[in-house]
Amino acid sequence: MQSKPSFVLRNPSVNKGTGFNNEEREKLGLKGLLPPKVETLQEQSDRALSQFTSFNTNLERYIFLNCLRDRNETLFYYLLSNNLELMMPIIYTPTVGEACQKFGNEFRFAQGMYFASHDKGNIRTMMDNWPADGVDIIVVSDGSRILGLGDLGTNGMGIPVGKLQLYVAGAGFHPTRTLPVIIDSGTNTKKYLEDKYYLGERHPRIPDSEYYPLVEEFLAAAYNKWPKVIVQFEDISNDHCFNLLDEYRNKYLCFNDDIQGTGSVILSGFINAVRAVQKPIQEHRMVFLGAGSAGIGVADCIMSLFDEAGVSKEQARKSFWFVDSKGLITTTRGDELTSQKKQYAREDYTYQLKSLLEVVRDVKPTAIIGLSGIGGSFSQEVIEEMAKHVEKPIVFALSNPTTNAECTAEQAYQWTDGRCIFASGSPFKQVEYKGKTFVPGQGNNMYIFPGLGLAASVCEAKHVTDAMIITAAKTLASFVEDSEVLTGKIYPGLQHIREISTRIAIKVIEKAYEEGMAQLPRPENIEALVKSRQYIPTYDNSKN
């Protein structure tokens, strides 16, 4: 059956559907298998957009887009690239969260690869089953900490799939050279273990003595199979993500988007927020709600601003206050702190502050940054208390999906009387307040990871360094003009994401050569090299 020429209609990488012209239909044996009309890619896209908007729920739209991708890859990416602001909240946060929670119920076809704990010893052989000739990028998750939704196990596959779709649309990775992966090490979520439609292994998560060797085998196999591949770790729980990054960041070409990507994009927003409030970094006091991978990653990146200002690390850390579920993190709190929390634990408190409100009253912060995963945790009392002492409060409610945001954009603007510089992790609509229109900033990692990943892949970087990540942040920040920053705008429009990603890739590649990290001989024109590697969804094969 697969040897028939008409099988091309079942291959999403080459299928054009009604886009096949009459000559192609004759040559491929498609006459009679398609409606008579030959359509352009734009005509097909217009129909697909009409179909997309006809659905009543975002989950239905998500399913439609993924079915389209499984039918006609070129059309899918053409549609997505030309409607990215409309569709990004569907293929990724917040809708992808619901799609992951219902993954087993809504399963239609397999995407990517799955490596379960019982596959140990066979992973390299299994990789030979992947049909593509080569892979440039892998996004891998173990499903242990999906967005702010917790341990979803194998249901988390929607995250690597969605992330790679954004790598393609945002930076121009070729879709056939991307690979989403789930490492199935079990799940500790009882409802999935008892769900008859759950598709993962039905046992609690394996112990570390089995988990780390499983990940090590996967990485060794991946780099043996595809030596130049870049691996991005995604949505891995705090008890593992830091250890994995520390272990492999200087061994393989890899990075963790939750730690380094989030840190970079929020650093970019914070650079512009500092420009907006016109207060030097040394005068800022930052309260963080949430001390997990994202929170620590953001703080580590912001530390670079203090370093540039000539402030020592020891002195800079005195500008950070971290709050977790037990209150302000201090060295005298009496509990065992992780190594990541220890570096930001306050040493100057002989008393304990148990709540965020108490900390805000005590610190009088200039910025409050939420990465807690707890919706509504920036209460009206907290924000109003902060606004009493600061002319332009910086309020970053960054938890995903939207329901987990620490406050809404409307709340932030209302509770600060329209004075705050606001950013969120998931999108919020513009806010009308006292005759003014406020456009909330979205600290979306998509501003960073496509260009960063493309840069590392194109120049065949040895590793992804801190300097490369900070370069990406500064490049993004530079897209917002001073006049825009003064109005509270801290991120550029996502409709320019291909241009943004291209510029980030160029600057990061330059930094990689500067640091001696690039293994590809330096080209005469880096921009031309980057653009030559970018996929363009078209039926003209000469442009792919």
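These legends walk you through several close-up views of one predicted model.

Because the model is predicted, local features need pLDDT of at least 70 and side-chain atom pairs count only at pLDDT 80 or more, while totals for chains, interfaces and linings use all residues. Residues are numbered from 1 along each chain as its sequence is written, and side-chain values use heavy atoms, with hydrogens and water left out.

**View 1. Seven strands form an open sheet.**
Follow the strands in the order β8-β7-β6-β9-β10-β11-β14, where the pairing is mixed. Helices (H or I, at least four residues) and strands (E, at least two) are DSSP runs, numbered from the N terminus, and two strands pair if DSSP finds at least two bridges between them. At the edges you will find β8 (327-328) and β14 (441-442), each pairing on one side only. Strand β11 (residues 421-424) runs parallel to β14, and two bridges join them. Look for Ser-424, whose bridge partner in β14 is Gln-442.

Axes here are lines fitted to C-alpha atoms, for helices over the stretch in contact (heavy atoms within 4.5 Å). The angles run from 0 to 180 degrees between N-to-C directions.

**View 2. Asp-324 sits in strand β7.**
Asp-324 counts as buried because its relative accessibility is 13%; buried means under 20% relative accessible area, exposed over 50%, and partly exposed in between (1.4 Å probe, protein chains only). Its side chain reaches the backbone nitrogen of Lys-326 at 2.9 Å. The side chain of Asp-324 also makes a polar contact with the side chain of Lys-341 (3.0 Å). A polar contact is a pair of N or O atoms within 3.5 Å; within protein, one must be able to donate a hydrogen and the other to accept it, and residues adjacent in sequence count only if both atoms are side-chain atoms.

**View 3. Helices α9 and α23 cross.**
Helix α9 (residues 158-171) packs against helix α23 (residues 497-515) at about 85°, with axes 7 Å apart. The two are therefore roughly perpendicular to each other, a label for angles of 65 to 115 degrees. Val-168, Ala-169, Gly-170 and Ala-171 in α9 meet Ile-497, Arg-498 and Ser-501 in α23.

**View 4. Strand β4 (residues 230-233) has buried residues pointing both ways.**
Ile-230 and Gln-232 point one way, Val-231 and Phe-233 the other, and all are buried. In a regular strand the side chains alternate between the two faces of the sheet. Strand β2 (residues 137-141) pairs with β4 in the parallel sense over four bridges, and Ile-137 has Ile-230 as its bridge partner. Strand β5 (residues 254-256) also runs parallel to β4, joined by three bridges; here Gln-232 stands opposite Phe-255.

**View 5. Leu-179 lies in strand β3 (residues 178-184).**
At 1% relative accessibility, Leu-179 counts as buried. Leu-179 and Ile-137 are 42 residues apart in sequence, yet 6.4 Å apart in space, C-alpha to C-alpha. Leaving aside neighbours within four places in sequence, the contacts of Leu-179 include Trp-130, Leu-164 and Trp-226.

Notes. Angles under 35 degrees count as roughly parallel, over 145 as roughly antiparallel, 65 to 115 as roughly perpendicular and the rest as oblique.
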